[in-house]
Amino acid sequence: MLARRLPALRTPYARQASTKSSLRQVLEEVVPIKQQRLKQLKAEHGQAVIGDVKVENVLGGMRGIKAMLWEASVLDPNEGIRFHGMTIPECQKLLPPAPGGKEMTAESMLWLLMTGRVPTPEQSRELSRELAEKGELPVHVQHLIDSLPASLHPMTQLGMGVAALNHDSAFQAGYEKGIKKTEYWTYALEDCINLIARLPTLAARIYRNIYRPGAPLASVDKDLDLVGNYTNMLGFGDNKDLTEYLRLYIALHGDHEGGNASAHTSHLVGSTLSDPFLSYSAALFALAGPLHGLANQEVLRWQLAMQEELGSGHEVSHEDIKAYLWKTLKSGQVVPGYGHGVLRAPDPRFLALQQFCEARPELLESPTIALVKKTYEVAPDVLKEHGKTKNPYPNVDATSGCVLYHYGLKEFKYYTVIFGVSRALGCLTQIVWARALGLPIERPKSLSMDAIEKLIQ
Ligand SMILES: CC(C)(COP(=O)(O)OP(=O)(O)OC[C@H]1O[C@@H](n2cnc3c(N)ncnc32)[C@H](O)[C@@H]1OP(=O)(O)O)[C@@H](O)C(=O)NCCC(=O)NCCS
């Protein structure tokens, strides 16, 4: 019944292209449709029950509670992520690459996440042009970043820089002026586009200040896509393979539904009508935790220590890796890059990055990438035998850093910053939609142990 009466916004919809040339114009088409759909859902099914809450959910970090509307992607425990119903291989096939490249661009993914539609190559290029035009960093943010000590973690610098960008927030200025609620999303969109445009410039400045002090920083090239510009400003512009890898990595990492710590943080902070810069800055500090975004730096540290002890991934035996895994576990540490809060199968993002490696002989020669592959052949059985984790399979971080390392981006303290550039695509999409759909301030109910015991009785 519901499916017949509501406009179709599901998988086939995601494959339709629109003739409008700008992201904003397409959103103007899509927003009223979704607003209507939400209204109907609320009016006709507001009282329908879609889950229950057990004490273990309350005590267990709210895992499994269906409590949040997040439009751009949904994570299936066994299948992995789908973006508006599209799997990773479908996105790889259908989302336009940059001119001369093969991997989908960040712009194509952003377009899909925001609108639910696959962009044409022209639409994707138009968005690249818009982002490049808006990519310069305001002078006060340049000064702020340049004044920070190189010893300050790059994620702290990124979060501070993003917060300082709110100086020019259209949403905040509009709110102070008294704009109507129905206009919120257009102001939020302006901020989100400006933030996505400036993130690579900010992130590259942090990298150059910390790791290449004194070296000149390239400016934004209006003819390049977002990731082309990012690698260029990082100083790796002539490495086409690294640029392609980063395109894939940033698009794949763009969204992972809404319950993970960084996405939930930006949504929560945004729900107070804090502007998109402050909301995403808060998200970055959640991403900086070792159980979340910092895991990619931990994985590489752990892999390199294993390589140091056991030797190249080409030579090491499965038995030696097994013993190393047990040593890690017996010392009370987690095996980094394995396990997940929702996934119960190998992460398709891990598989896509592995495929990228398989297609490049020079990557297959890397002793570290070979070690990642061999670890994958052994670790799930060891973790099953260990018997603690609910998901003994690799997540995306099991491999992401090793490829960057191979291409010469060796400063692994910086890796979470790249994740932060990427995750902006999904978190900021949600902020636009949260304002378009008029979602309220978040306010779940908390309970004390006394209150829980009373409820049980
Ligand atoms: C991702 C992660 C934080 C998910 O945590 P979670 O939802 O609590 O995971 P589980 O429900 O499977 O955890 C149950 C137990 O297994 C343990 N466990 C989970 N993953 C593990 C791993 N990779 N190695 C060893 N033990 C692990 C947990 O620490 C927990 O132990 P406890 O009961 O003593 O507290 C966790 O798997 C982890 O720490 N992984 C390693 C870090 C990582 O790769 N993070 C990136 C995520 S994208």
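## Helices H18 and H21

In H18, Phe-350, Leu-353, Gln-354 and Cys-357 meet Ala-398, Thr-399, Ser-400 and Val-403 of H21; two residues are in contact if their C-beta atoms, placed from the backbone, lie within 7 Å. By class, this contact of H18 with H21 has five nonpolar, three polar and no charged residues. Here Ala, Val, Leu, Ile, Met, Phe, Trp, Tyr, Cys and Pro count as nonpolar, Asp, Glu, Lys and Arg as charged, and the others, Gly among them, as polar.

Helix H18 spans residues 348–358 and helix H21 residues 397–406; they pack at an angle of about 35 degrees, with their axes 8 Å apart. Axes are lines fitted to C-alpha atoms, for helices over the stretch in contact, and angles run from 0 to 180 degrees between N-to-C directions. The crossing of H18 and H21 is left-handed (the near helix is turned anticlockwise from the far one by less than a right angle; clockwise would be right-handed).

## Model and numbering

This is a predicted model, in which local features need pLDDT of at least 70 and side-chain atom pairs count only at pLDDT 80 or more, while totals for chains, interfaces and linings use all residues. Residues are numbered from 1 along each chain as its sequence is written.

Helices (H or I, at least four residues) and strands (E, at least two) are DSSP runs, numbered from the N terminus.

## Helices H14 and H15

H14 (residues 261–270) packs on H15 (residues 276–287) at about 150 degrees, and the axes are 8 Å apart. The two helices are therefore roughly antiparallel to each other (angles under 35 degrees count as roughly parallel, over 145 as roughly antiparallel, 65 to 115 as roughly perpendicular and the rest as oblique). H14 passes H15 in a right-handed crossing.

Residues in this contact include Ala-261, Thr-265 and Val-269 of H14 and Leu-278, Ala-282 and Ala-286 of H15. By class, the contact of H14 with H15 has ten nonpolar, five polar and no charged residues.

## Strands E1 and E2

E1 (residues 73–76) and E2 (residues 80–83) run antiparallel and are joined by four bridges; strands pair if DSSP finds at least two bridges between them. A hairpin of three residues connects E1 to E2, and Asp-76 stands opposite Gly-80 in E2.

## Ligand shell

Of the 17 residues around the ligand, Ala-295, Val-334, Gly-339, Lys-388 and Thr-389 come nearest; a residue is near a molecule or strand if its C-beta atom, placed from the backbone, lies within 6 Å of it. The shell divides into seven nonpolar, seven polar and three charged residues.
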